[in-house]
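Here is a guided walk through a structure. Keep the sequence and the 3D view side by side as you read.

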Amino acid sequence: MSLTSQDIDRIANLARLELKPEESERMLAQINGFFGIVEAMQAVDTSGVQPLAHPVAAIQDIALRLREDVVSEPNNREANQRSAPAVERGLFLVPKVIE
Amino acid sequence: MTTLHDLTVAELAQGLKAKSFSATEVAQHFVARAQADTSGSFLAVNPEATLAQAKASDARIATGQAGALEGVPLGHKDIFVTKDFPTTAGSKMLEGYRSPFDATLVRRLAEAGMVTVGKLSCDEFAMGSANENSAYGVVKNPWDTSRVPGGSSGGSAAAIAARVVPAATGTDTGGSIRQPASFCGITGIKPTYGRASRYGMIAYASSLDQGGPMARTAEDCALLLSAMCGPDPDRDSTSLDVPAEDFTASLGADLKGLRIGIPNEFFGEGLAADVRAAVDSALVELAKQGATLVPISLPRTELSIPVYYIIAPAEASSNLSRFDGVKFGHRAKDYTDLESMYKKSRAEGFGSEVKRRIMTGTYVLSHGYYDAYYLQAQKIRRMIADDFQNAFKDCDVIAGPVAPSVAWKLGENANDPVADYLADIFTLPASLAGLPGMSVPAGFGAHNMPVGLQLIGNYFKEAQLLNVAHRLQQATDFHLQKPAGV
């Protein structure tokens, strides 16, 4: 199967990426080129195979750990906001969300 | 006369402890080398911070509180966040970003006494195999400056090969420690997934990303890895409860009786003759030392390419959604509303390979395609991991080439991203299985470019890999050679 330019527009919107027309066109060709090598995957019989998320789960049970629900971090707001594009009175500034 | 930059990590550590030179002298020497470097390896230095760290090391040495690697300098791949240096991940998205904290591995190496010289270039968000996807320019391979250093830890590998730093951190998602180590003629190891903390490593593909050391010798890698490993239970939920280990303890052990598995899929027609010759001669050397070479099969080697390039972009598309121009990173100047701010900020901040992977990942995770692509890839991933366990019934260690060829020319694959993907074929299987893997210099191929031997071990067998590499280095001098002009 091949993607179309409409697919590229839809995916770019989902990914919140603005693509220039020539960029979209190149992306379409390159992603379709890549999916050429993905086809080999579809022929593999994986019935009954459990997906592997944590690789070491291939040999032992892996359970996600939960830490104690306690305060572990000091207030470090100034350092944490130092690299923010726009901050006012300790708050992150974004464009108006509700008209 | 041997200069400081010709010394290994082990030799520097010893000289510092014996007070043959001070940490400050060492730091000054390496900062000067980093500042004079023209390969593009360094993205940031901060002499003031480096010298302050060195001064603290000298104080600890004077009072007998020296750590195992006290005063030894290193560079960090720019994917590790650092308080004292800016962190960009090779992306315009993070230009000028200053982290409020140090990554766990940065902190652990500092606790062992190491002094940071600077930050090293990498492919943008570690996505690439040639370091050509960095937003801050290419890195030249010191063995031939018209060639790539490999990627994504290309700055780390090139800086070590050019003796600008004796060691560095790298990260390996699909081969990003092993392949640049091979291309630059140095040694690097990716430990078992989960053994070294990912906290503060800017995430690309969380189920694959693994940090590790790069240096000139296996012994040096063992020294650094000993300081890096160990659980990080409160910071990294995938960190394994496996204790730290002294990886130097078994260096030098006899190879008699060791069974080395040779996967026939790694020696097919895609492998360049010069690489094959170097790898074969390294295997002959290991056999001479008493190891037995056993033919094995990893039947799904080729499938690892589509499986990896589905899973990694899927995870990347999720991880990179945090770059939205709000809390950190680039924000576009002109936008109309929140959504256009997201779209424009991401369009301007990300480079083309990152956008391609975000698009691929978003697509394979989207409604209607998840089962056919992402889930299918994760199932084949288990089959690939099982293939390794079958192979390890007949052997202790697996060996083969790291990459099908020596380092290629800068710009050679610029318009063909799939060509770079295909060249990852020998490193992807161990990545998908989460197994430890390393590259050790095995000789030189065409154009006198370095060739690495890849060693893959079973889970938690890093010490065994390092020992095989160490024994090879005891018998060969490939790791001692240096590029012209260095």
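The paragraphs below take each chain in turn and then the contact between them.

This is a predicted model. Start with chain B. Chain B holds 15 helices and 11 strands. Its C-alpha atoms fill a box of roughly 65 × 55 × 45 Å along the principal axes. A compact globule of 486 residues would have a radius of gyration near 23 Å, and the 21 Å of chain B agrees with that. Take the contacts in chain B between residues at least 6 apart in sequence: 76% of them join residues at least 24 apart.

Now look inside. The largest nonpolar core has 167 residues. Those with the most contacts inside this core are B:I160, B:L224, B:I310, B:L455 and B:L466. Helix α9 of chain B, residues 304–319, gives the most to this core, with 9 residues. Set aside residues up to four places away in sequence, and B:L224 touches B:V9, B:L109, B:A167, B:P213 and B:A215.

Stay with α9(B) for a moment. This helix has 16 residues and reaches 22 Å from its first C-alpha to its last. That is close to the 22 Å expected at 1.5 Å a residue. Of its 16 residues, 14 are buried, so α9(B) is largely enclosed by the rest of the structure.

Helix α10(B) is another element to trace. It has 12 residues and spans 16 Å from first C-alpha to last, close to the 16 Å expected at 1.5 Å a residue. Which residues of α10(B) are buried? They are B:M341, B:Y342, B:K343, B:K344, B:S345, B:R346 and B:G349. The list includes B:K343, B:K344 and B:R346.

Move on to B:A463. This residue sits in helix α15 of chain B, residues 462–475. Is B:A463 buried or exposed? B:A463 is buried, because 20 other C-beta atoms lie within 10 Å, and a residue needs 20 or more to count as buried. Beyond its neighbours within four places in sequence, B:A463 is in contact with B:E245, B:F247 and B:S250. The C-alpha atoms of B:A463 and B:D246 are separated by 8.4 Å, though these residues are 217 apart along the chain.

Turn to chain A. Chain A has 3 helices and 2 strands. From the N terminus on, its elements run α-α-α-β-β. Its C-alpha atoms fill a box of roughly 55 × 50 × 25 Å along the principal axes. A compact globule of 99 residues would have a radius of gyration near 13 Å, but chain A has 23 Å. Of its 99 residues, 16% count as buried.

Last comes the place where the chains meet. The contact takes 59 residues from chain B and 45 residues from chain A. On the side of chain B that touches chain A, the elements that give two or more residues are α9, α10 (338–349), α11 (352–365), α12 (370–391), α13 (417–422) and α14 (428–433) of chain B. The largest share of that side, 12 residues, comes from α12(B). The residues of this side of chain B divide into 31 nonpolar, 14 polar and 14 charged.

Notes
Residues are numbered from 1 along each chain as its sequence is written. Chains are lettered from A and ligands numbered from 1 in the order in which they are written. This is a predicted model: local features need pLDDT of at least 70, side-chain atom pairs count only at pLDDT 80 or more; totals for chains, interfaces and linings use all residues. Helices (H or I, at least four residues) and strands (E, at least two) are DSSP runs, numbered from the N terminus. The radius of gyration is taken over C-alpha atoms; the globule rule is 2.2 Å times the number of residues to the power 0.38. Two residues are in contact if their C-beta atoms, placed from the backbone, lie within 7 Å. A nonpolar core is a set of buried Ala, Val, Leu, Ile, Met, Phe, Trp, Tyr and Cys residues joined through C-beta atoms within 7 Å. A residue is buried if 20 or more other C-beta atoms lie within 10 Å of its own, exposed if 12 or fewer, and partly exposed in between; C-beta atoms are placed from the backbone. Ala, Val, Leu, Ile, Met, Phe, Trp, Tyr, Cys and Pro count as nonpolar, Asp, Glu, Lys and Arg as charged, and the others, Gly among them, as polar. The expected span of a helix is 1.5 Å times one less than its number of residues.
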